[in-house]
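Visitor: I would like to go through this model with you and ask what stands behind each label. Please show it first.

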Amino acid sequence: MMQQVQFSRFPIELCCWIGALVLLYLSNPGMHHFTLCPLENVGVDWCPGCGLGRSLTLLMHGEFAASVSMHPLGIPAFLVLVHRIYCLTKLNITAKLRYL
């Protein structure tokens, strides 16, 4: 008889996205901080994603013009993340209701 593998229903992706937005909100956009960008760590001056995190931070602090000037895709990226969090929350609630 084959055993079924039971996966955890803990919403890992949802927690990661919410945690990322909380950390970006709490960070100071004017201060340079550690980066995970491999291009910047190697020493390349230009990267298409550079400034996106600072743009999101500025956006969450209400500085819209500064956010757009930091990275033009900051606002669309924020909307995509909020939509993803909404979809994952809805999916998680629906899945829990289904198993009750």
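This is a predicted model: local features need pLDDT of at least 70, side-chain atom pairs count only at pLDDT 80 or more; totals for chains, interfaces and linings use all residues.

Visitor: Why does Glu 13 count as partly exposed?

Guide: Glu 13 has a relative accessibility of 35%. Buried means under 20% and exposed means over 50%. The value for Glu 13 falls in between, so the residue counts as partly exposed.

Visitor: What makes the pair Glu 13 and Arg 84 a salt bridge?

Guide: The closest N and O atoms of Glu 13 and Arg 84 are 2.9 Å apart. The cut-off for a salt bridge is 4 Å, between a side-chain nitrogen of Lys or Arg and a carboxyl oxygen of Asp or Glu. The pair meets it, and therefore the label applies. Glu 13 is in helix H1 and Arg 84 in helix H5, 71 residues apart, so the pair links distant parts of the chain. A search of the whole structure finds one salt bridge.

Visitor: Is Arg 84 buried, exposed or partly exposed?

Guide: Arg 84 has 34% relative accessibility. That value lies between the limits of 20% and 50%, so Arg 84 counts as partly exposed.

Visitor: What makes Phe 10 exposed?

Guide: Its relative accessibility is 53%. Exposed means over 50%, and therefore Phe 10 has that label. Phe 10 is placed in the segment before H1. In space, the C-alpha atoms of Phe 10 and Asn 92 are 8.7 Å apart, while 82 residues separate the two in sequence.

Visitor: Are Cys 37 and Cys 47 buried or exposed?

Guide: Cys 37 has 14% relative accessibility, and Cys 47 has a relative accessible area of 13%. Each value is under 20%, so Cys 37 and Cys 47 count as buried.

Visitor: Why is Cys 87 called partly exposed?

Guide: Cys 87 has 29% relative accessibility. Cys 87 lies in helix H5. Its C-alpha atom is separated by 9.2 Å from that of Leu 14, 73 residues away along the chain.

Visitor: What makes Thr 57 buried?

Guide: Thr 57 has a relative accessibility of 1%. The limit for buried is under 20%, so Thr 57 counts as buried. Thr 57 belongs to helix H3, residues 52-60. Other buried residues in H3 include Ser 55, Leu 56, Leu 58 and Leu 59. Across the chain of 100 residues, buried residues make up 19%.

Visitor: Why is the pairing of Thr 57 with Ser 27 called a polar contact?

Guide: The contact between the side chains of Thr 57 and Ser 27 has a length of 3.4 Å. The limit is 3.5 Å for a pair of N or O atoms, one able to donate a hydrogen and the other to accept it, so the pairing carries that name.

Visitor: What comes after H3?

Guide: H3 is followed by Gly 62, which has a positive phi, near 85°. For the chain as a whole, the pattern along the sequence is α-α-α-α-α, with five helices and zero strands.

Visitor: Which residues are closest to the centre of the second largest pocket, and what is its volume?

Guide: The volume is about 190 Å³. Of the 10 residues that line the pocket, Arg 9, Pro 11, Leu 88, Leu 91 and Asn 92 are closest to its centre. Helix H1 (12-26) and helix H5 (74-98) are the elements that give two or more residues to the lining. H5 gives the largest share, four residues. By residue class, the lining divides into six nonpolar, two polar and two charged.

Notes: Residues are numbered from 1 along each chain as its sequence is written. Side-chain values use heavy atoms; hydrogens and water are left out. On a 1 Å grid over the protein atoms alone, a cavity is a set of points where a 1.4 Å probe fits but cannot get out, and a pocket is an open set with protein on both sides within 12 Å along at least five of seven lines; lining residues have an atom within 4 Å of a point. Grid points are joined across faces, edges and corners, and a volume is the space filled by probe spheres set on the points. Ala, Val, Leu, Ile, Met, Phe, Trp, Tyr, Cys and Pro count as nonpolar, Asp, Glu, Lys and Arg as charged, and the others, Gly among them, as polar. Buried means under 20% relative accessible area, exposed over 50%, partly exposed in between (1.4 Å probe, protein chains only).
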